[in-house]
Amino acid sequence: MSQILNEVLDANRQYADSFDKADLPMPPGRQFAILTCMDARLDPAKYAGLAEGDAHVIRNAGGRASDDAIRSLVISYKLLGTREWFVIHHTDCGMETFTSEIMSDLLSSSLKTASVDADGWHDCCEGNGSAEGQHIAWLTIKNLEQSVRDDVERIKSHPLVPGDIPVYGYIYDVKSGKLIEVSETAKKSGCC
Ligand SMILES: [Zn+2]
């Protein structure tokens, strides 16, 4: 058995041994949702003070407002009663390190894990790639503040999202653990 599989199942046995959350209702008790990146350094339960049953956490690469993230948010509001949403991207996000073109090029040469250095991304091996990557919107990030603004705007202006839901835009700083607010409009000059 894989070591990771063993570790996860062991951890789960310990969690279940003292489990006392059986009576939580399905709707999030604190009526809010967070859309954030899948980055392993981010733990929304810790950085936002969540316990089981408190809030919805929707995660994907970048914490982007993809169609699927919006699907989850709409369900979160329409069927499960959340009333406030957060979009939280973060510093040093991997999504800033490539473009859709780089990703589809890498995938068309090989499916194996690529490596990165000062010159950018490189494939380890040629062969057995697929051109399918060209058909996926990878939702990479060029400018962190702008990506938060774009996603807040996309969510707020979506026809399935009621206009009165506050959508807060923040950047989580992986060096300090702090959430930094992103203002709604870009600074006029000298910025980014
Ligand atoms: Zn990230």
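## Before you start

A residue is called buried when its relative accessible area is under 20%, exposed when that area is over 50%, and partly exposed in between, using a 1.4 Å probe and protein chains only. The model here is predicted: local features need pLDDT of at least 70 and side-chain atom pairs count only at pLDDT 80 or more, while totals for chains, interfaces and linings use all residues. Residues are numbered from 1 along each chain as its sequence is written, and side-chain values use heavy atoms, leaving out hydrogens and water.

## The whole protein

Welcome to a protein with 5 helices and 7 strands. Helices (H or I, at least four residues) and strands (E, at least two) are DSSP runs numbered from the N terminus. From that end, the elements follow the order α-β-α-β-α-β-α-β-β-α-β-β. The C-alpha trace spans about 55 × 50 × 35 Å along its principal axes.

Of the 192 residues, 31% are buried. A contact means heavy atoms within 4.5 Å. Among contacts with a separation of 6 or more, 63% join residues 24 or more positions apart. The accessible surface (Shrake-Rupley method, 1.4 Å probe; for residues, only the protein chains shown count as cover) comes to about 12,300 Å², and carbon and sulfur atoms hold 53% of that area.

Helix α3 covers residues 67-78. Its expected span is 1.5 Å times one less than its number of residues; for 12 residues that gives 16 Å, which agrees with the 16 Å between its end C-alpha atoms.

Within α3, the residues Ala69, Ile70, Leu73, Val74 and Ser76 are buried. They lie on the same side of α3, because they cover an arc of only 155° around the axis, judged by the directions from the helix axis to the C-beta atoms. This buried set packs against β1 (32-37), β2 (55-60), β3 (84-90) and α5 (144-156). On the face turned away from the buried side you will find exposed Asp67 and Lys78.

## His90 in strand β3

Strand β3 also holds His90, which counts as buried because its relative accessibility is 0%. Setting aside neighbours within four places in sequence, His90 has contacts that include Cys37, Asp39, Arg41, Tyr172 and Val174.
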